[in-house]
Amino acid sequence: MNAAFSPPFTPPDRLIPTLRQDGYAVLSPEGVSEWLGMPISELDALHADWFHLPPDDYLKDGGRYRTRRHACFTVDGAELVQVPHRAHWQPVEYNALHGGMQRWFAPMQEATVALPVWRRLMHALADAASGLRGAQRWYVEAHQFRIDTADGIGRPTPEGAHRDGVDLVAVALVGRHNIKGGETRVFEAGGRRGERFTLTEPWTLMLLDDARVIHESTPIQPLVEGEAGWRDTLVVTCRTGEFQGD
């Protein structure tokens, strides 16, 4: 098994300067708690959702390893609004495998998006985006993913190393069980520098300046053959101007 490299954690008070300097930053679970001003137990309460995600019926590689839900919001200062449920759309320039198609995923649970910790997380991510691009209205998409190993292998990023066509990408590890792999890789979009590390602790949070870096996660396999394995993540994107596809 390949050795797992620990993420280069950033103190919460250095989050924006690190994003500006390196194009990405990673907060430890303790750092996330400090950044949000809420205990990690509040975020842990979200994890039950991941055990009841509907299948992703749009995988073009024929896989059955991904389940997910999706929701969209606007954040403008103190105002957070969930918009009517809509399709997720990306251009082929950013997603060669699944771009150019409207993908209607199941909506997130109403009780989840009403939780104070969820609303606080959305505001904090919009604030981080404003730290990069300036204060403005943000168009936010949230995706709950489970990648499993029921067929022997699961691919967190079947499209390969990519950008998402947004301003800020946030990837939170919600949990992982009985797997190997799932290494995170971040590369300069216009250079040769790259980093690799593995998110292992629940509610470790990686933020990416999508204009400057590309990212991917390597496939996962079961650590113990014959036993279920999975990797749960929350991916949130912030985009200026409008949602993609508008």
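**View 1. Lining of the largest cavity in the predicted model.** The largest cavity is lined by 28 residues, and those nearest its centre are Phe 145, Pro 156, Glu 159, His 162 and Val 235. A cavity here is a set of points, on a 1 Å grid over the protein atoms alone, where a 1.4 Å probe fits but cannot get out, and lining residues have an atom within 4 Å of a point. This cavity has a volume of about 410 Å³, the volume being the space filled by probe spheres set on the grid points, which are joined across faces, edges and corners. At least two lining residues come from each of β2 (66–76), β4 (138–148), β5 (168–177), β10 (213–217) and β12 (230–240), where strands (E, at least two residues) and helices (H or I, at least four) are DSSP runs numbered from the N terminus. Eight nonpolar, twelve polar and eight charged residues make up the lining; Ala, Val, Leu, Ile, Met, Phe, Trp, Tyr, Cys and Pro count as nonpolar, Asp, Glu, Lys and Arg as charged, and the others, Gly among them, as polar.

**View 2. Lining of the second largest cavity.** The second largest cavity, with a volume of about 70 Å³, has a lining of ten nonpolar, no polar and no charged residues. Among them are Val 32, Leu 43, Trp 203 and Leu 205, while α5 (116–133), β5 and β12 each supply at least two residues of this lining.

**View 3. Salt bridge between Asp 56 and Arg 68.** The side chains of Asp 56 and Arg 68 meet at 3.2 Å, N to O, in a salt bridge (a side-chain nitrogen of Lys or Arg within 4 Å of a carboxyl oxygen of Asp or Glu). Because Asp 56 lies in the loop between α3 (40–44) and β2 and Arg 68 in strand β2, the pair ties together parts that are twelve residues apart in sequence. Asp 56 is buried, with a relative accessible area of 5%, and Arg 68 is likewise buried, at 3% (buried, under 20%; exposed, over 50%; partly exposed, in between; 1.4 Å probe, protein chains only).

**View 4. Salt bridge between Arg 133 and Asp 209.** The side chains of Arg 133 and Asp 209 form a salt bridge at 2.6 Å, N to O, and this pair links helix α5 with strand β9 (residues 205–209), the two residues being 76 apart. Arg 133 is partly exposed, with a relative accessible area of 31%, whereas Asp 209 is buried, at 4%.

**Basis of the views.** Residues are numbered from 1 along each chain as its sequence is written, and side-chain values use heavy atoms, with hydrogens and water left out. In this predicted model, local features need pLDDT of at least 70 and side-chain atom pairs count only at pLDDT 80 or more, whereas totals for chains, interfaces and linings use all residues.

Note on methods: 1 Å grid on protein atoms, 1.4 Å probe; cavity = no way out; pocket = protein on both sides within 12 Å on 5 of 7 lines; lining within 4 Å.
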